[in-house]
Amino acid sequence: GIDVNDLRRLAAGSRKAELKEKLRTKVVICALAEPPPLEADSVAAWIKDKLDDLAYPRDRRRIRSILLLFNLATLLQHPQSNIRFNFESFKTANWDIEHVRSVASAELGSSTLQAEWLRHTKRYLELMAQEPAAMALHERIRAHLELAPKEGAAVFEPLYAEILKYFHEDDDGEPDNSIANLVLLDQETNRSYKNAVFPVKRQRVIELDAHGIFVPHCTRNVFLKSYSPSVGHTMYWTQQDRDDYRQKVVETLSDFVAGGWAHV
């Protein structure tokens, strides 16, 4: 969102190292709305406070900028890595902020969307043929999909609640719209499964990655639970997973900020 001529003026008369730090400062201000504290030991606490103040969808644009910076800062942390961010794909595709764990059935307001959501869940349950509870739920979904649209829509909510309970997404708290439950995902993929449960989203992201389709590095890490030191179950996105992910965002952004701020 910065005019290239502004960057050219910023570069005028600057040595390479000086320009690098000026650019870092500008990036931080663009993503986090203000310059960080000059004291290096205050940076992490400052970033935590900034992240805690964010809420989706109110801060959609800022969250998108922060998630993009998180992806870039992650790659910059390891210069020896040969992974590069695909700026062309990011520029040409449309990108959504996606909830890692589903938040509500409100987006499934029509019988068509409800049936599509159930089919995604049904296909995932078919991979768990050895688990009786999964097969029982699969059979309930199959029977529901055979109902007439109006009849199915009238009894969708109880089945939806049962599915969320099976996948441990049935807590009664407020929807998690914090950075700990948000990632970047291309719009086509995001809208193809309409607020699916975590394992369905995870399976889709893994398929995209296996076919060489661009998935932001940190989005992939989230669905592979790479930020969780101890992975209890790949089917669930737990509170501990969210806490571990949020902490990684704080650590990575702190490294990015502190890495050059002292030299500005």
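Start with the lining of the largest cavity: helix 4, strand 2 (182–186) and helix 12 each supply at least two of its residues. Helices here are DSSP runs of H or I with at least four residues, strands are E runs with at least two, and numbering starts from the N terminus. Helix 4 gives the largest share, 3 residues.

A word on the source. This is a predicted model, in which local features need pLDDT of at least 70, side-chain atom pairs count only at pLDDT 80 or more, and totals for chains, interfaces and linings use all residues. Residues are numbered from 1 along each chain as its sequence is written, and side-chain values use heavy atoms, with hydrogens and water left out.

Back to the cavity. The whole structure has 1 cavity of 30 Å³ or more. The largest cavity holds about 40 Å³ of space. Its lining is Leu67, Phe70, Asn71, Val183, Leu184, Cys218, Thr219 and Tyr245. By class, that lining has 6 nonpolar residues, 2 polar and no charged. Nonpolar means Ala, Val, Leu, Ile, Met, Phe, Trp, Tyr, Cys and Pro; charged means Asp, Glu, Lys and Arg; the others, Gly among them, are polar.

How are these spaces defined? On a 1 Å grid over the protein atoms alone, a cavity is a set of points where a 1.4 Å probe fits but cannot get out; a pocket is an open set with protein on both sides within 12 Å along at least five of seven lines; lining residues have an atom within 4 Å of a point. Points join across faces, edges and corners, and a volume is the space filled by probe spheres set on them.

Next, the largest pocket. Its volume is about 1,400 Å³. Of the 30 residues lining the largest pocket, Gly1, Val27, Leu68, Leu72 and Phe87 are the closest to its centre. Helix 2, helix 4 and helix 5 (87–92) are the elements that give two or more residues to that lining. Which element gives the most to the lining of the largest pocket? Helix 4, with 10 residues. The classes are 18 nonpolar, 4 polar and 8 charged.

Now helix 4 against helix 2. The axes of helix 2 (residues 16–32) and helix 4 (residues 60–76) come within 8 Å and cross at roughly 140 degrees. Axes are lines fitted to C-alpha atoms, for helices over the stretch in contact, with angles from 0 to 180 degrees between N-to-C directions. So helix 2 is oblique to helix 4. Cut-offs: under 35 degrees is roughly parallel, over 145 roughly antiparallel, 65 to 115 roughly perpendicular, the rest oblique. Val27, Cys30, Ala31 and Leu32 of helix 2 meet Arg62, Ser65, Ile66 and Leu69 of helix 4, where contact means heavy atoms within 4.5 Å. These residues divide into 6 nonpolar, 1 polar and 1 charged.

Last, the backbone. Most residues other than glycine have a negative phi, and most peptide bonds are trans. The bond from Tyr56 to Pro57 is cis, with omega near 5 degrees. Pro57 sits in the loop between helix 3 (43–52) and helix 4. Ala33, in the loop between helix 2 and helix 3, has a positive phi, near 80 degrees.
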